[in-house]
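Q: Could you walk me through how to read a few features of a protein model, one at a time? I would like the general idea, and then the case at hand.

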Amino acid sequence: MEQYAPDLESSRPSSPAAVAHDQPARLRDSFGRAITDVRLSVTDRCNYKCVYCRTGNEGAQYTELPIADYLRMVRVLVSLGVEKVRLTGGEPLLRAGLVEMVAALAQFRTAFHPDGTPLAANENGAPLDIALTTNGHLLESLAEPLHAAGLSRVTVSMDAVDPEIFARITRVPRSFERVLAGVRAARAVGLGPVKVNCVLLRGFNDAQIEPFAEFSRREGVIVRFIEFMPLEEDRSWKPETVVPMDEIVARLNAWRPSCGVPAGLVALPANAASETARRFTFADGIGEIGIIAPVSRPFCGHCSRVRITSDGALRTCLFSQSDHDLYGEMRRGATDGDLRAYVRRVVMHKEARHHIGEPGFEKPSRNMVHIGG
């Protein structure tokens, strides 16, 4: 394992000419990026009112679709090359029929070989990688049935390990104990590696960085710190609220995990080019920290994702200024072939990158909770 070095590779997309030889059947954008991941929101509802996300006064704003319609959308995307499905919300564990939906997704098979060539008619693809992002409040009782249905992994949003700070963030009393029980249940049934996401806000929960590092080592989970992005409901984001990656790394480099273990992070290699987190461990290899830095270190150049909102809108970027009404096409009688052609047209307009912090930056047309995490 190599020591962390601050020089990160460019986030510029590949040129279209560089990928002209690739199979045309696989879904790619105009920059040659293969689209292999979909993040699907199954509800706009949430049982938390986290301060960096919600005003605390607004509820759900968008409808939910029948599970069968979500499954059709995923099936079309899988036929175009999608291999990973992440179920989000709102809070997806509020959605009735979620376990049955996971069981149905577990029957899907990929349509392409790892090198991007299409499978022959007589070949069977691999199972999808099915993941879920949740606030964890209902996870303790659902972890086992979700795992049995075919869920691969779970990510829990958890913005403090101090119960009082956690309750202030979620605005739900005694919520920390419920989420901790959910994290432990997910790990016990094999939904791992369990990832715990923490959005850092300066002056609010940035004192939790070192306690979270200890939490990772003690609980056997991957902790990922996320830079605060301008996706909140009350439009209160300011650059000075962001705790940037370099500051997080500096603090953890100075932190000594326990007696006999020297201070300092050790860099880990990326699992894939499109991975959003920079990965680290400690000198003894116990615990893992990821840092997702869309503000200070954008990673758009390898983006492989599209998103579907709970009301069936296709979005090509978190920061898109428009939605594309995939469900509307279905409602008007589109065949699967029609939907594939529609998705291809939309994805060809996928943005090269976001423009956070640049002059003229516009916040997206929806807030994070209404897009899907």
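Q: Let's start with C50: is this residue buried or exposed?
A: This is a predicted model, and here C50 has a relative accessible area of 12%. The cut-off for buried is under 20%, so C50 is buried. C317 is read in the same way: its relative accessible area is 18%, so C317 is buried too.

Q: How many disulfides are there?
A: The general idea comes first. A disulfide is a covalent bond between the sulfur atoms of two cysteines. In this model the count comes to 0 disulfides. For C50, the nearest cysteine sulfur belongs to C46 and is 6.4 Å away. The sulfur atoms would have to be within 2.5 Å, so C50 is in no disulfide.

Q: How do I read aromatic pairs, and how many does a search of the whole structure find?
A: A pair of aromatic rings is described by the distance of the centres and the angle of the planes. The search finds 4 aromatic pairs here. One of them joins F212 and F215, with 6.1 Å centre to centre and 85° between the planes, an edge-to-face arrangement. These two residues are 3 apart in helix α6 (residues 209-219), so about one helical turn separates them.

Q: Which other pair involves F212?
A: F212 also pairs with F225, again edge-to-face, at 5.9 Å centre to centre and 85° between the planes. F212 sits in helix α6 while F225 belongs to strand β6 (residues 222-227), so this pair ties together parts that are 13 residues apart in sequence. Taken together, F212, F215 and F225 make up one aromatic cluster. As for burial, F212 and F215 are both buried, and F225 is buried as well, with a relative accessible area of 0%.

Q: At what angle do the axes of helix α4 and helix α5 cross?
A: Picture a line along each helix, then look at the angle between the two. The axes of α4 (residues 163-170) and α5 (residues 175-189) come within 8 Å and cross at roughly 100°. The two helices are therefore roughly perpendicular to each other.

Q: Which residues meet where α4 and α5 touch?
A: From α4 come P163, F166, A167 and T170, and they meet S175, F176, E177 and V179 of α5. Sorted by class, this contact has 5 nonpolar, 2 polar and 1 charged residues.

Q: Which form does the peptide bond from G192 to P193 take, cis or trans?
A: Here omega is the angle to read. For the bond from G192 to P193, omega is near 5°, and the bond is cis. P193 is found in the loop between α5 and β5 (195-200).

Q: Finally, what does T155 touch?
A: T155 is in strand β4 (residues 153-157) and counts as buried, at 1% relative accessibility. Leaving out residues up to four places away in sequence, T155 touches R86, L132, T133, T134, K195, N197 and R224.

Notes
Residues are numbered from 1 along each chain as its sequence is written. This is a predicted model: local features need pLDDT of at least 70, side-chain atom pairs count only at pLDDT 80 or more; totals for chains, interfaces and linings use all residues. Side-chain values use heavy atoms; hydrogens and water are left out. Rings of Phe, Tyr and Trp (its six-membered ring) pair if their centres lie within 6.5 Å; planes under 30 degrees apart count as stacked, over 60 as edge-to-face and the rest as tilted. Helices (H or I, at least four residues) and strands (E, at least two) are DSSP runs, numbered from the N terminus. Buried means under 20% relative accessible area, exposed over 50%, partly exposed in between (1.4 Å probe, protein chains only). Axes are lines fitted to C-alpha atoms, for helices over the stretch in contact, and angles run from 0 to 180 degrees between N-to-C directions. Angles under 35 degrees count as roughly parallel, over 145 as roughly antiparallel, 65 to 115 as roughly perpendicular and the rest as oblique. Contact means heavy atoms within 4.5 Å. Ala, Val, Leu, Ile, Met, Phe, Trp, Tyr, Cys and Pro count as nonpolar, Asp, Glu, Lys and Arg as charged, and the others, Gly among them, as polar.
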